Amino acid sequence: MKSLLYLTLAMGLVPVQVTVLEHASVGGIRPDLCVVAISLIGLFGRMTDGVGMGLLLGLQQDLFSAGDGWTNALAKGAVGLIAGVAGHYLTRATLVSAGAVLAGLSLASGVVFLITGAGQHEEALAVAQSVLLPEAALDTVLGITLYWVLAKKLLKQDDALV
């Protein structure tokens, strides 16, 4: 079941990010579905699942974007690694702790792209205020909502084993 979920995410998430969310943005800001998915995979799954899906989804984003090669793959792989480590040590993460992890990872991912892509340093602060922070807030709200739904289902199954 987990393999089917990961295959579905690998095949469908980047096209949905590029096509559907282009028309469903909130004030021109779109959530980064890959960061949210990788963070949740890292929090709920194993560390290797987060790293593997991060590298795979990031590589797909690099292939379908005109940006620098390997930036997404490395950034998303790092997001998966950090989320996997957080998921390993936060066995019973609350919504607040999961939200803090999601916000931090979304901000870190955005800062990586701001540093690597922004040649004009005088505009970096304006980009951070107008794009980076709203996108991190949107990612966090979406991630917390999905975490809440998934935690109710997954933790209920986990409690049944005890």
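Residues count as buried under 20% relative accessible area, as exposed over 50%, and as partly exposed in between, a scale that applies throughout these close-up views of a predicted model.

**View 1. Ser97 in helix H5 of the predicted model.** Ser97 lies in helix H5, and because its relative accessibility is 21%, it counts as partly exposed. Between the C-alpha atoms of Ser97 and Glu22 there are 30 Å in space, while the two residues stand 75 residues apart in sequence.

**View 2. Ala108, also placed in helix H5.** With a relative accessible area of 40%, Ala108 is partly exposed. Its separation from Leu57 is 51 residues in sequence and 17 Å in space, taken from C-alpha to C-alpha.

**View 3. The packing of helix H2 on helix H5.** Helix H5 spans residues 95–117, and H2 packs with H5 at an angle of about 135 degrees, the two axes being 10 Å apart. This angle makes H2 oblique to H5, and the passage of H2 by H5 is a right-handed crossing. On the H2 side the contact is made by Val35, Val36, Ser39 and Leu43, and on the H5 side by Ala98, Val101, Leu102, Leu105, Ser106 and Ser109.

**View 4. The packing of helix H2 on helix H4.** The axes of H2 and H4 are 7 Å apart and the helices pack at an angle of about 35 degrees, in a crossing that is right-handed. From H2 the contact draws on Cys34, Val35, Ile38, Ser39, Gly42 and Leu43, and from H4 on Lys76, Val79, Gly80, Ala83, Gly84, Ala86 and Gly87. The residues in this contact of H2 with H4 divide into seven nonpolar, five polar and one charged.

View 5. When residues up to four places away in sequence are not counted, Asn72 touches Gly58, Gln61, Asp62, Ser65, Gly77 and Phe113.

**View 6. The packing of helix H1 on helix H3.** Helix H1 (residues 2–23) and helix H3 (residues 47–64) have axes that come within 10 Å and cross at roughly 30 degrees. That crossing angle makes H1 roughly parallel to H3, and the crossing of the two helices is right-handed. Lys2, Tyr6, Leu9, Ala10, Leu13, Val14 and Gln17 of H1 make the contact with Asp49, Met53, Leu56, Leu57, Gln60, Gln61 and Phe64 of H3. Nine nonpolar, three polar and two charged residues make up this contact of H1 with H3.

**View 7. The one aromatic pair that the structure holds.** The ring centres of Phe44 and Tyr147 are 4.9 Å apart and the ring planes stand at 20 degrees, so the pair is stacked, since planes under 30 degrees apart count as stacked. The pair links distant parts of the chain, with Phe44 in helix H2 (residues 33–44) and Tyr147 in helix H6 (residues 124–161), 103 residues apart. Phe44 is partly exposed, its relative accessible area being 29%, whereas Tyr147 is buried, with a relative accessible area of 5%.

Terms used:
Residues numbered from 1 in each chain as written. Predicted model: local features only at pLDDT ≥ 70, side-chain atom pairs only at ≥ 80, totals over all residues. Heavy atoms only, no water. Phe/Tyr/Trp six-rings, centres within 6.5 Å; stacked < 30°, edge-to-face > 60°. Helix = DSSP H or I, 4+ residues; strand = E, 2+ residues; numbered from the N terminus. Buried < 20%, exposed > 50% of the residue type's maximum accessible area, 1.4 Å probe, protein only. Axes fitted to C-alpha atoms, helices over the stretch in contact; angles between N-to-C directions. Parallel < 35°, antiparallel > 145°, perpendicular 65-115°, else oblique. Left-handed = near helix turned anticlockwise from the far one by under 90°. Contact = heavy atoms within 4.5 Å. Nonpolar A, V, L, I, M, F, W, Y, C, P; charged D, E, K, R; others polar.
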